[in-house]
Amino acid sequence: MNAPLLEVLPRDLSAYRAGNTGVPYVHRFDSGRPGPHVLVNALTHGNEICGMVAATHLLDRGVRPRVGTLTVSLAHVKAYEAFRHDDPFANRQLVHNLNRIWSDEWLDGPQHSPELRRARELRPVVAAADHILDIHSTSQPVAPFWVYPGFERNARAARAIGARDRVTTHLVMPAGLGSGTPLIQHGRHGRADATEGVALVVECGQHFLRASADLATAVALDFLAHFGLIAPAAPASAPAVPQRRFELLQTCMVRTPQFRFARPLIGFETFAKDELIATDGDAGDIRAPCDDCTVLMPTREPIVGREAVYLTRPLRDAD
């Protein structure tokens, strides 16, 4: 397997540890004027460096809200600090996936891990936010895309912000991920009956590319501008790009050490109905549930108990 291009590497984050909220690595700035409370969250996974670049850009440049409140969070610095040049994918998590444990069952449960300790620390931070941008990246160099619960409030914001930053692909989750509860579905942000409260993941491209870090920074600034916290940048002059939407149908897990894809995948490949996508030992085959089945985020290295691939279908305008 080819080694990734490491254009952006970790930097020392100790200067940001104290924060100003009582929660390490969480910084909050209140304008003193009415307006929404917006959370920009980075490093939910330790090796997704683009979010670190965006978050530290906001802090280093002294970005402050003209209305409402801005919170900037560096979520999983412990995993981030475990980065190794010889295996830059290994520090995604230490024990649990920090982006699958945001249910009351996990947060109030008896288990302990670095991720659960951190999620419990961050719980009030996430709950306090009106709108959330959670910045992520992918192991393969694919086009950036949004991920969000299938609520119109999320779709509206993603379309508007994506039009500026040319993030025009959407992974819509009508019923969650199916492998746990992500941060953007914690509490009211996971409820269809909530009248407001946007919560989006932006997948900015491959983890270590400069283009991914640049995009993460641009999206963070445009997210804040969308909700009025900062002035918008100059209007984008690029022509509009058609939006592509995919509905999550199934999250497939790696069940056995024998898991293998039927052919090399990086993401956005399509399969015909019943076409073989992967084999998984005694757990059986994974086959496409529909025509035009599009795979997203296929695992780079199958690990038993973790996600293998997301199966989706393209959504048409009438859907």
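**Entry 1: a helix pair**

I started with two helices and noted that α1 and α6 cross in a right-handed way. I am working from a predicted model here. Next I looked up the geometry: α1 (residues 49-60) and α6 (residues 210-226) pack with their axes 8 Å apart, at an angle of about 45 degrees. Angles of 65 to 115 degrees would count as roughly perpendicular and those under 35 as roughly parallel, so α1 and α6 are oblique to each other.

Which residues of α1 meet α6? I found Cys50, Val53, Ala54, His57 and Leu58 on the α1 side. On the α6 side I listed Arg210, Ser212, Ala213, Ala216, Thr217, Ala220, Leu221 and Leu224.

**Entry 2: from α1 into the sheet**

I then followed the chain around α1. Together with β2 and β3, helix α1 makes a right-handed β-α-β unit. Strand β2 covers residues 37-42, and six bridges join β2 to β3 in a parallel arrangement.

**Entry 3: β3 itself**

Is β3 mostly covered or mostly open? I found it mostly covered: six of its six residues, 69-74, are buried. A reminder to myself: side chains in a regular strand alternate between the two faces of the sheet. In β3, I see Thr69, Thr71 and Ser73 pointing one way, while Leu70, Val72 and Leu74 point the other way. All of these are buried.

**Entry 4: the whole sheet**

I stepped back to get the strand order. Eleven strands form an open sheet, and I wrote the order down as β1-β3-β2-β4-β7-β5-β6-β8-β14-β13-β10. The pairing in this sheet is mixed. Where are the edges? They are β1 (26-30) and β10 (270-271), each of which pairs on one side only.

**Entry 5: around β5**

My last stop was β5, residues 145-149. Three bridges join β5 to β7 (residues 199-206), and the two strands run antiparallel. For Trp146, I looked up the bridge partner in β7 and found Val202.

Helix α5 (residues 152-165) lies across β5, β6 (169-173) and β7. The angle between α5 and β5 is about 165 degrees.

Key:
Residues numbered from 1 in each chain as written. Predicted model: local features only at pLDDT ≥ 70, side-chain atom pairs only at ≥ 80, totals over all residues. Heavy atoms only, no water. Pairing = 2+ DSSP bridges. Helix = DSSP H or I, 4+ residues; strand = E, 2+ residues; numbered from the N terminus. Contact = heavy atoms within 4.5 Å. Axes fitted to C-alpha atoms, helices over the stretch in contact; angles between N-to-C directions. Buried < 20%, exposed > 50% of the residue type's maximum accessible area, 1.4 Å probe, protein only. Right-handed = clockwise from strand over helix to strand, strands pointing away. Parallel < 35°, antiparallel > 145°, perpendicular 65-115°, else oblique. Left-handed = near helix turned anticlockwise from the far one by under 90°.
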